[in-house]
Amino acid sequence: MKMIGCLVLSLAVFCHCAGAEEAGSYHLGAIEVYGLIDPVALSGADEVFREQAQTFEKNSVADLLTLSPGISMLIGGRNEKNFTIRGFDQRQVSVFLDGIPVTQAFDGYTDLGLFDTALIDSVLIPKGHSSVLYGANTMGGTVNLLSARPENPFEGNIRGRQGSDSRFDGNFSLGTRQERFYAMLAGGLTDTDGYDLSDAYRENAVEDGGRRENSDQWKKTLYLKAGATPAGGGEYFIAYNRIEGEWGMPLRTTLFRPRYWRYSDWDKNTLYGVGDFQIKAVAVRARLFYDHARNVLDSYDDETYTTQTMGYAFHSTYEETSYGGSLMLSLPGRGRHLPSLALHYREDTHEQQSDYAASWEKYSSETWSVGIEEQLKLTRALSLQAGLGYDLVRPRHANGGPLRDDADAFNFSTGINYSVDETTRVHALFSGKSRFPTLKELYAESLDRSKIPNPDLHEETALNVEIGAEKTFGDSLIVRTALFYSRIEDLIANVDIDADTEQYRNIDSAEYRGLEFGLQAFVAEVHELTLNYTYLDARNTSANKLSRHLPDRPSHTLTLGELWNLTQAMSLAALLRAETGRYYQDWDGVYRLPGYAVFDLKARYAVKENFALEAGVKNVFDRNYFLDIGLPRAGRTCFAGVNVTF
């Protein structure tokens with residue numbers, strides 16, 4: 001009741017301040033408020049677009065993210081695509097679809113490899129300094145997938161790819177925009193028997209080379225969206241996103257006793273609605289959502305993946321349900337300021353069955369958040385954004401056990417932007433954010449090892465600092481750079497108690513510091529060059545650490561993309577991805593993985609204006625490389641396909 005009273009009081013105070021001017025317009029799926037100043041610049045955000053996905057053959061949102069500096073990918077033992085942003089892992093970064101949370105509450109992860117790029121217009125990525133209007137658990141930033149919206153009476157895109165490793169990737173989008181309504185349909189299909197390893201791979205008792213064992217995947221996605229734009233103003237849409245899949249988990253080649261695991265069923269359904277309208281001088285944005293996910297993880301006796309009779313075999317089922325909503329209000333105020341207020345509510349329930357005929361376990365919690373933010377235009381050149389947020393997590397079920405106490409946290413974020421002139425802009429950002437423990441970290445037992453629950457965990461906190469600049473040189477060159485520093489207290493990590501037991505614990509502290517550099521150059525209309533480099537020093541500063549190095553956070557990451565328009569019909573796209581300084585953790589220590597560089601090349605020929613043939617090679621030089629110990633990635637792969645637009 002105290003929390004509800006606080007929200008009502010904040011709302012009343014906010015509305016009392018309402019002015020008479022109109023709020024600024026912005027993308028309906030965004031959280032950021034576009035008004036007096038550009039909040040994307042003030043949050044140090046980056047944005048990647050669907051067009052980049054098509055140019056460089058990024059067929060999933062996870063793959064597209066790697067085109068942004070500061071982001072690295074991890075494909076671990078469950079064959080899921082997880083990422084880090086400037087050292088923060090995915091538990092510390094919230095993922096949204098049009099402002100709707102899609103992060104799984106149980107473990108804090110979302111496999112964006114299952115989200116097809118056909119449904120998006122772009123992905124907005126505030127790194128560490130996301131607005132307090134996003135709500136809870138944005139300690140390391142946010143990833144907001146902004147869905148596409150049709151712009152023409154009838155439009156569409158159909159793409160299909162066939163690879164030399166039996167992989168097929170296809171997606172489509174169809175849409176219509178009329179005077180007072182719009183609608184779109186998008187979908188995708190991935191089907192592969194598995195990927196081929198590099199010829200440089202050396203066989204062992206677990207993996208003999210060639211086709212990677214148990215690396216097959218099948219995935220299907222569907223996205224529906226219908227919106228209205230009434231004559232009286234405002235915009236409303238309802239959307240539905242469905243993902244179906246099943247895939248294998250390749251054996252770690254370093255394990256003496258490999259585990260034979262498969263996701264035999266994986267489904268996720270998200271239904272949500274967004275409304276944008278005006279009440280007198282107050283701009284209102286409301287969201288409601290319902291999300292349900294179900295997956296079945298099977299452990300088998302051996303490499304035939306047919307029987308489940310051994311003691312380590314199991315048939316585990318997870319069911320997750322989330323629902324809630326948010327209300328965001330904004331108004332321009334009088335003169336040079338624009339205040340905004342956001343209220344969020346979310347209830348999450350996780351149910352699991354560890355094996356056939358086993359009893360079901362249930363865990364749930366609810367999260368309340370309130371955030372208030374102000375944009376100030378101090379002078380023509382100097383702008384300020386500041387926000388304060390409060391989050392409350394209330395446990396509801398702990399599988400019949402005692403509930404932990406409520407947990408709460410305050411968060412803040414502030415940014416200053418100064419335009420030196422029309423071509424030069426500098427910014428400074430400072431924020432304090434938190435991340436509450438997930439249900440898995442608090443209560444649940446691990447499937448593959450003996451896990452001791454720890455309901456006494458408390459939230460992680462981080463102080464984030466960034467100083468950055470952007471400079472444009474005519475129409476041909478854009479240069480961006482940023483220095484960043486984060487200090488994390490009460491970091492939650494998986495700790496080995498002994499050879500057979502582990503537990504999530506607050507292990508004291510860590511520091512992430514580094515540099516991002518980005519360059520985009522245009523040579524007439526013939527050549528476009530994009531270069532991103534990140535240096536990251538991720539340190540475990542805990543007193544009883546195994547190593548100063550934190551796993552899965554490469555020290556140096558370079559992405560170099562080039563697009564040549566050789567003729568009006570013919571183009572070439574090349575992409576180089578290189579990294580070094582990645583570590584992994586074993587039970588007895590932290591060790592370094594070899595660095596790698598992977599080069600991709602694609603040719604495109606436009607037979608007609610709306611019909612193109614495309615072909616290319618991924619990992620041209622057939623490098624044998626790893627993102628995690630004992631899990632070699634795909635070698636050289638050729639592909640060919642078509643791209644039709646209308």
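1. Aspartate 98 sits in the loop that joins strand S4 (94-97) to strand S5 (100-101), and in this predicted model its backbone deserves a look, since aspartate 98 has a positive phi of about 55° although it is not a glycine. The residue is also buried, with a relative accessible area of 0%.

2. Aspartate 552 is found in the loop between strand S27 (527-540) and strand S28 (556-565).

3. The lining of the largest cavity divides into 13 nonpolar, 15 polar and 16 charged residues. Several strands supply at least two residues each to this lining, among them strand S2 (71-75), strand S8 (155-163), strand S10 (181-192), strand S29 (570-580) and strand S34 (637-645).

4. The second largest cavity has a volume of about 620 Å³ and is lined by 41 residues, of which Ala136, Asn137, Arg346, Asp348 and Thr367 lie nearest its centre. Its lining divides into 19 nonpolar, 15 polar and seven charged residues. The elements that each supply at least two residues of this lining include S4 and S5, strand S14 (282-300), strand S16 (337-353), strand S18 (382-398) and helix H5 (439-442); S4 and S5 are also the two strands on either side of the loop that holds aspartate 98.

5. Arginine 159 lies in strand S8 and glutamate 57 in the loop between helix H3 (50-55) and helix H4 (61-65), so the pair ties together parts that are 102 residues apart in sequence. Arginine 159 and glutamate 57 are both buried. They also belong to a network of salt bridges that links Glu57, Arg159, Arg161, Lys602, Arg604 and Glu614.

6. Another salt bridge joins the side chains of arginine 149 and glutamate 235 at 2.9 Å, N to O. Because arginine 149 lies in the loop between strand S7 (142-147) and S8, while glutamate 235 lies in strand S12 (residues 235-248), this pair ties together parts that are 86 residues apart in sequence. Arginine 149 counts as partly exposed at 32% relative accessibility, whereas glutamate 235 is buried, with a relative accessible area of 12%.

7. A further salt bridge is formed where the side chains of glutamate 511 and arginine 487 meet at 2.7 Å, N to O. Glutamate 511 lies in strand S26 (residues 509-523) and arginine 487 in strand S23 (residues 477-489), so the parts tied together are 24 residues apart in sequence. Glutamate 511, at 13% relative accessibility, counts as buried, while arginine 487, at 27%, counts as partly exposed.

Terms used: Residues are numbered from 1 along each chain as its sequence is written. This is a predicted model: local features need pLDDT of at least 70, side-chain atom pairs count only at pLDDT 80 or more; totals for chains, interfaces and linings use all residues. Side-chain values use heavy atoms; hydrogens and water are left out. Helices (H or I, at least four residues) and strands (E, at least two) are DSSP runs, numbered from the N terminus. Buried means under 20% relative accessible area, exposed over 50%, partly exposed in between (1.4 Å probe, protein chains only). Ala, Val, Leu, Ile, Met, Phe, Trp, Tyr, Cys and Pro count as nonpolar, Asp, Glu, Lys and Arg as charged, and the others, Gly among them, as polar. On a 1 Å grid over the protein atoms alone, a cavity is a set of points where a 1.4 Å probe fits but cannot get out, and a pocket is an open set with protein on both sides within 12 Å along at least five of seven lines; lining residues have an atom within 4 Å of a point. Grid points are joined across faces, edges and corners, and a volume is the space filled by probe spheres set on the points. A salt bridge is a side-chain nitrogen of Lys or Arg within 4 Å of a carboxyl oxygen of Asp or Glu.
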